[in-house]
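Here is a short briefing to keep beside the structure as you look around.

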Amino acid sequence: MATKSSASAKHVPAFERHGLSDEQLVSMLRTMLMQRTLESRGFQLNRQGKIPFASASEGHEAVQAGAAMAFHRGSDILVPYYRDLGLDLGIGLSADEVLLSLFARAGDLSGGRQFPHHYASRELGLHSISSVIAAQLPHAAGAAYAIKLRKQTGRAVLVTFGDGATSEGEWHESLNFAAIHALPIVFLCENNEWAISTPLSKQMAQPDVHKRAAGYGMPGVAVDGMNPVACYKAVADAMERARSGGGPTLVEAKCYRFLSHTTDDDDRTYRSREEVDERRKNDPVPAFERLLIENGVLTADAVAELKREILTETNEATDRAEAMPYPLPRDLYSKVYADTYEPWR
Amino acid sequence: MAKTDTTVKTLARYGLTDEQLREMFRNMLMQRQLDNRGFQLNRQGKVPFALGSEGHEALQAGAAMAFTRGKDILAPYYRDLGLALGIGLTPFEIMLSIFARAQDHNGGRQFPNHYSSKKAGLMSFSSILAAHIPHAVGAAYALKLRRQADRAVLVTCGDGTTSEGEWHEAMNFAAIHGLPLVMLVENNEWAISTPLDKQMGQPEIWKRAEGYGMPGKRFNGFDPIETYGVVKEAMDRARGGGGPSIIEGMCYRFLAHSTDDNDMTYRTKDEVVEHRKHDPVPRFEALLLEQGVLTASAVDAMKKDVLRETNEATDQAEALPYPQASDLYTNLFEGAWQPWQ
Amino acid sequence: MAVMNNVEAVRATLYDALKNDDRTLILGEDVGARGNVFLITKDFVNEFGPERVIDTPIAEASIVGIAVGMAMEGLRPIAEIQFADFIYPAFNQIVGEAAKTRYRSNGEYTCPLVIRTPYGGGVRGALSHSVSIEALFYHVPGLKIVAPAFPADVKGLLNASIDDPDPVLFLEHKKTYRLIKGEVPDGHYTIPLGKANVLKEGSALTVVSYGLYVHWALEAAQKLQEEGLSVEVIDLRSIRPMDKATILESVRKTRKLLIVHEDNKFGGIGAEISAMVAEEALFDLDAPIRRLCAPDVPAMGYALPLEEEYMSSPAEMADAMREMVRF
């Protein structure tokens, strides 16, 4: 891949890169482009009748690429939610694994059991989640407690959720517990202003999730979720505090959900096109692309090449996954317990 | 930990009359007397269980005075003897609950101090922490929906309950809808054996209010007059359409959690003795004497009267019958009911 | 008389309730502008306003808990849990609070509350959008549980549930939502809770079911009729209370009992029916009672073969019926 050295970007107005190298910046852009391409693929396959369901994270690319860059592979733990394709990719998930999930093939990480984008990989430090809102928060607090108990300084848990999840009792219980025990954990709220059809104003009476942090006795930080470098910085600082024994942080990244909740939802029933079009003007993907070109991190040609490469990778992963078999009917019965199980003995 | 000034020169009364001050004091005496009676009866083997609210007297007497009888709704928890008395329950009703007699509001079904009285506006609640907070929010929603602008819901809980998910969900909903509700937290620093610093990462519950978008305030729950002032302000705001608040009264649990608990397994005698120095009941007595609201002889007479009433209520309740075995089967659903039809 | 599907029947009934009784209101996730994820409450918020069609935060414990408080203060809340799979956080409020309110206060306070929720599989809902929850709740005295299969029953039973003075868990099988159509009588009517419906009379076997599987059992029984085998099909409609008389009368006539349900077998609804029939009518039986239920795994998977393996089918039901008739 063609990258320029940062030295050659001297003549361009400097942007705050918070210590990120050219290579890291390009990697973040790649994650964002890959996220968008794979997501579009999911929607296409659904419209073609090839898969029953897909969900979308368009608008979350910047926060997820930034947060993933702050994650230490092989050491940290990610407890995501179902709208975290970019984060999952950013910590090492492959396009093949994504397509296997979309097609619910036997080779999928959950063996075709779970909805798309509900990945679990012990190798990546990626926790298994359900579709149930906020149910993963206590798990994340428990994982962080295990790290602390074992005195594994240098490790931390990154747990993510949308704005809607903050209303759940389990969210409250998890933040409270993490604060009491000063756990190595970062609570990252991807506030996209919509919980299916419920706007933020019906989710909470004041619009700043991070302001709840003080009530638990932890720092609360707000960050522009459309700016991947700012998101990297906010999450990296919080993760570093967590890894070094400084306790939990609540980070709120303000982003926006550009698409409907899922392929089963039609957002025109509850929000205006004007609102969505207005927010599209802040689309983080072309903005970051421009920023890197203007600053000489990448040439326009290199970006075009990157996009071609991602499309090829997506196409190949699609073909490979589609050609793979479904799980077998007998796979329904495995892994209920450690041993084979019959209800009567 | 609650700290009070040792002397009060000019009494800030928030409009409370001498009569109201005396009524609050009598409530506090009655609360302590009935609490002790429950523990005595337990030691005598006459009742299996009792709960104490010693240390909460000032907070509860003050809050009850801010409650408008016949209008407001109280959603209390199980350590609210003084609040129940203060909104109109009688010592006799308390003793029926302690003795689990048939005539008890709950027909002897619930633990002591789990009252419910539609007449008094006191909502039924279980022993499950925080389970009643959404109910209070639902009741407040009903008031708002019906445009009953002069009514509000007073919901109480201890510090431990604020850790429950339902507490959070309920506060959030109340704030979104600007409901006529006052969340009164009786922070006594102990949840059975769990101290406040194991209950939350920072010790000030009222600070959570901002995160929900509502006012929050902390006050000295050993001072019944200050309590009244803060609760009254919050209830008036709720009644006037100004929405909910979280108010936190600092008090202390002088006794063990219940007759089944031994607090010396988890806290020191010294800590309890230190807090006892601020005991709100003798302090309020001294204040009222100093301010000339009561004379020493009037205090004596009041104490005698409270003891007499407690004794009579005890005897009356004890003499009454238990519910019958057949009462186990009533009031499951409306009408008679069997699982198979 | 209008022809409706089950979504339309729920919608029409809720609409009438909101229109005719100002104590009623709906609260749940996405019930307002979105009109519920299945469009059941579409446009309700425009007609009845956001005060009576409440878009709640994502907080199921409080959706039910707040409804309990509303009910205690004289409203008739109809709470919605978006998918039955999301009901677990509200378990305490349903089992510990709603079902006990009348009892613990000895009748001083009551809890007339309806909790509606779509349940069931066959829709590629994977682990968190396809569970059956009835067995988790039917152990609980103080709670009533309804699971209608036909649009006319949806209306009559939902009306009865809203009118009921006690808490009712109203289960709507989501695969039947648009699949099942039928005539629905005009005007307000109720069907009493706890009354089963004999859908098809027969002489050689009694099949008891509810929800989606009622339709499949009926289809299978009709196929057997063409083969000259006479099977009686009972739609329970209510799970608690349950219609003992109708089941016993049928079993004493046919002398054989097959129970069919989508929920898994161990500790399921079929277990209680089997025990009851064994207690009351063992010597009237000519064959062992049989239960055709889902396998004992936690959920159906997302991939098609996993879902198909979990779900039964009219053909599988027909096979079981043939074996029972010929026993």
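Two strands count as paired if DSSP finds at least two bridges between them. By that rule β13 (residues 257-264) and β14 of chain C are partners, as four bridges join the two strands, which run parallel. Please keep in mind that this is a predicted model.

**The sheet in chain C**

- Five strands of chain C form an open sheet in the order β9-β11-β10-β13-β14, and the pairing is mixed.
- The edge positions belong to β9 (197-200) and β14 (290-294) of chain C; each has a single partner strand, so one side of each is left without a neighbour in the sheet.
- On average, and ignoring direction, neighbouring strands of this sheet are turned by 25 degrees against each other.

**Where chain B touches chain C**

- Here 36 residues of chain B are in contact with 41 residues of chain C.
- On the chain B side, the elements giving two or more residues are α5 (132-145) and α6 (165-176) of chain B.
- Of the elements on that side, α5(B) gives the most, with nine residues.
- The chain B residues that touch chain C comprise 17 nonpolar, 14 polar and five charged.

Key
Residues are numbered from 1 along each chain as its sequence is written. Chains are lettered from A and ligands numbered from 1 in the order in which they are written. This is a predicted model: local features need pLDDT of at least 70, side-chain atom pairs count only at pLDDT 80 or more; totals for chains, interfaces and linings use all residues. Axes are lines fitted to C-alpha atoms, for helices over the stretch in contact, and angles run from 0 to 180 degrees between N-to-C directions. Two residues are in contact if their C-beta atoms, placed from the backbone, lie within 7 Å. Ala, Val, Leu, Ile, Met, Phe, Trp, Tyr, Cys and Pro count as nonpolar, Asp, Glu, Lys and Arg as charged, and the others, Gly among them, as polar.
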